[in-house]
Amino acid sequence: MEIYTEGLTRTNVGASPVWMTFTPLLGVSSVVKRFLHEKSDDRFKTVMTIDDVEHYSDSEKQTIISSYPAHELEARTKGIPVLGSGRIFPVEESKIAIEHREFPPHWPRIGGMDFGWDHPYAAVELVWDRDADVVYVSKTHRLREASPVIHAAALRAWGKELPWAWPRDGRRETLEGAGVALAEQYREQGLNLCFEHAQFFDGSVSVEAGLMEMLTRMQTGRFKVFNHLNDWWEEFRLYHRKDGKVFKEGDDLMSATRYALMSLRHASTKAAYDSFRRPIQYADRGWM
């Protein structure tokens with residue numbers, strides 16, 4: 001950072017740009033963090049992968065890839081900062097990334113949300129193939145400094161029947177909500193929030209258990225993500241531990257995904273929702 005800011009200072013007179021090109025082998029350093037996490041109209045990043053290099057043949061690319069040690073591979077070939085043993089999901093992207101596809105209407109869905117203001121509010125949709133027990137991340141939403149009215153307007157388009165898993169801090173009240181709990185504010189905006197906050201079947205809310213469930217599914221081919229969901233992939237690549245603890249920054253979509261997975265048993269279909277809300281007909285009493 002000292003070298004970067006010293007060079008930056010030399011551009012003050014002419015307002016000239018500073019260009020840097022490097023492989024992030026030092027991980028999420030202060031300079032890397034500045035470009036990846038601290039948003040500004042005056043900074044821009046371009047990530048170039050080996051797939052973008054057109055003067056190498058496919059066989060040459062494969063030779064280059066196989067020449068790197070495993071702990072440097074993604075940094076060298078995809079520009080992903082080295083996170084070493086601190087990376088929470090040490091899984092190759094190619095193992096879980098898929099092209100966009102349509103899903104059968106009988107596959108249940110569930111949404112997961114993570115509340116935020118200074119850090120972004122985030123939401124995901126999971127689609128569950130119950131027969132194969134495969135979960136798909138199919139939609140994402142991430143936005144900072146916006147009210148429940150704004151978020152709900154975007155999420156209602158995903159379907160009024162979609163059940164939503166939410167964190168237990170949704171029971172607390174906020175100044176903006178005039179004393180109304182966060183979860184209740186979203187219910188008032190027409191979202192179908194689950195009755196209880198996200199939890200496992202036994203009522204526990206362990207973060208580590210949730211992360212292990214996600215990792216196990218990734219490693220066993222039972223967790224897939226659409227490859228165009230750039231916000232989700234950005235968090236996935238940088239999700240790591242610091243001093244043994246989950247680094248709580250830039251993890252909003254990861255948390256929303258974990259909440260939805262913890263509540264997967266509540267996933268439902270539009271047909272089930274419509275059936276539940278349809279009046280019951282009695283032969284001698286008409287519609288009730």
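I started with α7, whose 13 residues reach 18 Å from the first C-alpha to the last, close to the 18 Å expected at 1.5 Å a residue. (The expected span is 1.5 Å times one less than the number of residues; helices are DSSP runs of H or I with at least four residues, strands runs of E with at least two, numbered from the N terminus.)

I noted that the model is predicted, with pLDDT of at least 70 needed for local features and 80 or more for side-chain atom pairs, while totals for chains, interfaces and linings use all residues. Residues are numbered from 1 along each chain, and side-chain values use heavy atoms, without hydrogens and water.

Next I looked up burial (under 20% relative accessible area, 1.4 Å probe, protein chains only). In α7, G210, L211, M214, L215, R217 and M218 are buried. They lie on the same side of α7 because they cover an arc of only 165° around the axis, taken from the directions from the axis to the C-beta atoms. Their cover includes β4, β7, α8 and α9.

I then checked the ends. At the start of α7, a side-chain oxygen of S206 comes to within 3.4 Å of the backbone nitrogen of E208. After α7 comes G221, with a positive phi near 75°.

I listed the contacts of M218 (heavy atoms within 4.5 Å): leaving out residues up to four places away in sequence, M218 touches F89, V91, I96, F223, W232 and F236.

Methods:
Buried means under 20% relative accessible area, exposed over 50%, partly exposed in between (1.4 Å probe, protein chains only). A polar contact is a pair of N or O atoms within 3.5 Å; within protein, one must be able to donate a hydrogen and the other to accept it, and residues adjacent in sequence count only if both atoms are side-chain atoms.
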